[in-house]
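Have the sequence and the structure open as you read.

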Amino acid sequence: MARQHTVFTAAVAAALLAVGTIASANGLLYVCDTTRLASNNQCIFAASSTNTIGATPHNINRAVAADGFRIVRDINGTQLTVTPKPWSQGDVLAASTTQQTGDALNYVKAFEMVAPLRDKMMYDPASLTGSAAEWAKYTKAFADCSIKTTTEQVTHGSGTVTAYGTADVYALMANPNNQDIHNGVLQYLEEGAIDLVCVMTQLSMDRCTTMRTTLNIPTGGTSTCWQAAYDALYNSAATTTTTAATTATTTTAPATTTTPSTTTSSAAAVSAAAAVVGVLAMLL
Ligand SMILES: *[C@@H]1O[C@H](CO)[C@@H](O)[C@H](O)[C@H]1NC(C)=O
């Protein structure tokens, strides 16, 4: 119970933080490099005029520590934990002396799958658009876990924005039509990453409820749908502690539904988390 509360409070805090600064900051950090957009019709992410922290790939290195002893740190060296906060500029894989297990371990593995995809989509899209096999390899976790399967029109205020699915974001990257598509790419990456964390951990938010329903994951459980993609990416039969979790860890999880039975604080978490996505969408 105490653990649930901790996870829950962290999710609320992160969601509120994300609403206030992080999510919008991510979109505002970048533009498509105008020269290369014009000359090559490719969107290579570059620092926007207001960006003071750079525009560089995560360049993760799994050799920093043995399996189980890697964590994610942000640009200031703060360890990142399971929250809906999107990964951002300067997040890196780092060594820890504390062994990571369960959700904490899977959060790191999610980063190890999404960070290389982010790097390629943002800084080397040609490596993906030039090879359907590469695209399939780096998006395999999304495909296997039924993440970003379709393109959705999301109503926001008086406008509608497009949240691209995997096939359509690929087409967009292949031909941006000389338009700055960086928000569409970021939204795909950030929502896809949240959905992946949803199925790998017990993160609580509305997107997670949707994903768990889609994948038939019992409340409080996780899925191993991502395991084959992880193994293919790193060519290893990585150890995992989640195999039994799909059916086992049914600790009555924090309420993630919008049913009237949700407590005040959980309702706040749901709406805060929904607002994160809203802010992401608004960037378009
Ligand atoms: C890192 O620290 C700076 C200076 O305190 C702060 O402005 C920035 O928001 C921090 N970045 C993150 C991701 O926490």
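## Helix 7 against helix 8

Thr166, Val169 and Met173 in helix 7 meet Gly184, Val185 and Tyr188 in helix 8, where contact means heavy atoms within 4.5 Å. These contact residues divide into four nonpolar, two polar and no charged; Ala, Val, Leu, Ile, Met, Phe, Trp, Tyr, Cys and Pro count as nonpolar, Asp, Glu, Lys and Arg as charged, and the others, Gly among them, as polar.

Axes are lines fitted to C-alpha atoms, for helices over the stretch in contact, and angles run from 0 to 180 degrees between N-to-C directions. Helix 7 passes helix 8 in a left-handed crossing, meaning that the near helix is turned anticlockwise from the far one by less than a right angle, with clockwise being right-handed.

## About the model

This is a predicted model, in which local features need pLDDT of at least 70, side-chain atom pairs count only at pLDDT 80 or more, and totals for chains, interfaces and linings use all residues. Residues are numbered from 1 along each chain as its sequence is written, and side-chain values use heavy atoms, leaving out hydrogens and water.

The protein chain has 12 helices and seven strands; these are DSSP runs numbered from the N terminus (helices H or I, at least four residues; strands E, at least two). Of its 284 residues, 50% are buried, that is, under 20% relative accessible area, with exposed over 50% and partly exposed in between (1.4 Å probe, protein chains only).

## The buried side of helix 10

Now turn to helix 10, residues 227–234, whose buried residues are Gln227, Ala229, Tyr230 and Leu233. They lie on the same side of helix 10 because they cover an arc of only 165 degrees around the axis, taken from the directions from the helix axis to the C-beta atoms. Their packing partners are strand 3 (70–73), helix 3 (102–123), helix 5 (132–138) and helix 6 (140–144).

## Helix 3 against helix 10

Lys109, Glu112, Met113 and Pro116 in helix 3 meet Ala229, Tyr230, Leu233 and Tyr234 in helix 10. Six of these residues are nonpolar, none polar and two charged.

Helix 3 and helix 10 pack at about 60 degrees, with axes 11 Å apart, and are therefore oblique to each other.

Technical notes: Parallel < 35°, antiparallel > 145°, perpendicular 65-115°, else oblique.
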